[in-house]
Amino acid sequence: MIKKIKDSAEFLRNKGFSSSDIIVVLGTGLSSIINDMEIIREIEYEDIPDFPVSTVESHSSNLIECSMHNKKINILSGRFHYYEGYDFDKIVFPLRVLMHLGCKMLILSNAAGGVNHNYRNGDVMLIEDHINLMAGNPLRGANIEELGERFPLMKDAYSLKHRKHIIEIAAKLNIDINSGVYLALQGPSLETNAEYNMARIIGGDAVGMSTVPEVIAARHMNIDVLGFSIITNINNDENRDDASHNSVIENAKMAGVKLRTILNKFIEEVDL
Ligand code: HPA
């Protein structure tokens, strides 16, 4: 595995890619931020050794090097989920290659179902912590000592310093943002009512099927993380939204506008 990571990193170096200030995993709600950036170079995943390739034909996945507010940003546009059939080490491979090239922090986003009673569709949730119920972990198996330690701490997995900064920015910009716990399940079937209730009772505020493997891989390599959930469907005692409904796309767009505005300011201000 470490040889594959090094070989892919070397391949990218030869193509002109290099370390970044920030890696962004473009999940739902974040894709429009690329319009605020200057694109420097781009490559399709299928042209990079050992990168996973999407099983959905129309779906192209790209690594994009960008610049914004004098910061260098490597973007992973194209994400792989456990429910699609990829193993955890495959899911985190592109991220590990980019972290191996070098970076100072990771920003990621996802779409999630809201289980906190105070949440509304189109809300942005700053992830303050997560609960991993995916029944798997990318670090399972022999530890790769060159990447990190056997038992990495997951306390404050989501950088407190950067979270405070985001909350300050949101307040200044007058944008509502919640802080909450992301609970990850395997999917792809959506949750039963009893599972949504369980998620809330055991401490979740939002429920989804991604993000946790990447965050574990990043903390293993001691990279600071900032994560956001955009609330696309509410599921609590008062509301039972259908997560496959068209309104999900509208809600994602609504939250995406807020997230883009907050992150633009964050990238401008952050001291890395
Ligand atoms: N559950 C799991 N994942 C999701 C949901 C949900 O309700 N909404 C968006 N992603």
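At what angle do the axes of helix α1 (residues 2–14) and helix α3 (residues 93–101) cross, and within what distance do they come? The two axes come within 9 Å and cross at roughly 65°, where axes are lines fitted to C-alpha atoms, for helices over the stretch in contact, and angles run from 0 to 180 degrees between N-to-C directions. The structure is a predicted model, in which local features need pLDDT of at least 70 and side-chain atom pairs count only at pLDDT 80 or more, while totals for chains, interfaces and linings use all residues. Residues are numbered from 1 along each chain as its sequence is written, and side-chain values use heavy atoms, with hydrogens and water left out.

The crossing of α1 past α3 is right-handed, a term that applies if the near helix is turned clockwise from the far one by less than a right angle, left-handed being the anticlockwise case. In this contact (heavy atoms within 4.5 Å), residues of α1 including Ile 5, Ala 9 and Leu 12 meet residues of α3, among them Phe 93, Val 97 and Leu 101. Helices (H or I, at least four residues) and strands (E, at least two) are DSSP runs, numbered from the N terminus.

Strand β5 (residues 105–114) is mostly covered, as 9 of its 10 residues are buried, that is, under 20% relative accessible area with a 1.4 Å probe and protein chains only. Strands are taken to pair if DSSP finds at least two bridges between them. Strand β1 (residues 22–25) runs parallel to β5 and is joined to this strand by 4 bridges, with Val 24 having Ile 107 of β5 as its bridge partner. Strand β9 (residues 224–234) also pairs with β5 in the parallel sense, over 10 bridges, and here Phe 228 of β9 is the bridge partner of Ser 109. By contrast, β5 and strand β8 (residues 206–208) run antiparallel and are joined by 2 bridges, the partner of Gly 114 being Ala 206 in β8.

Two further buried residues were examined. His 130, found in strand β6 (residues 124–133), is buried with a relative accessible area of 14%. Its side chain makes a polar contact of 2.8 Å with the side chain of Tyr 158, such a contact being a pair of N or O atoms within 3.5 Å, of which, within protein, one must be able to donate a hydrogen and the other to accept it, and residues adjacent in sequence count only if both atoms are side-chain atoms. Pro 213 lies in helix α6 (residues 212–220) and is buried, with a relative accessible area of 3%. Not counting residues up to four places away in sequence, Pro 213 touches Phe 88, Ile 91, Val 92, Met 134 and Pro 138.

Conventions:
Buried < 20%, exposed > 50% of the residue type's maximum accessible area, 1.4 Å probe, protein only.
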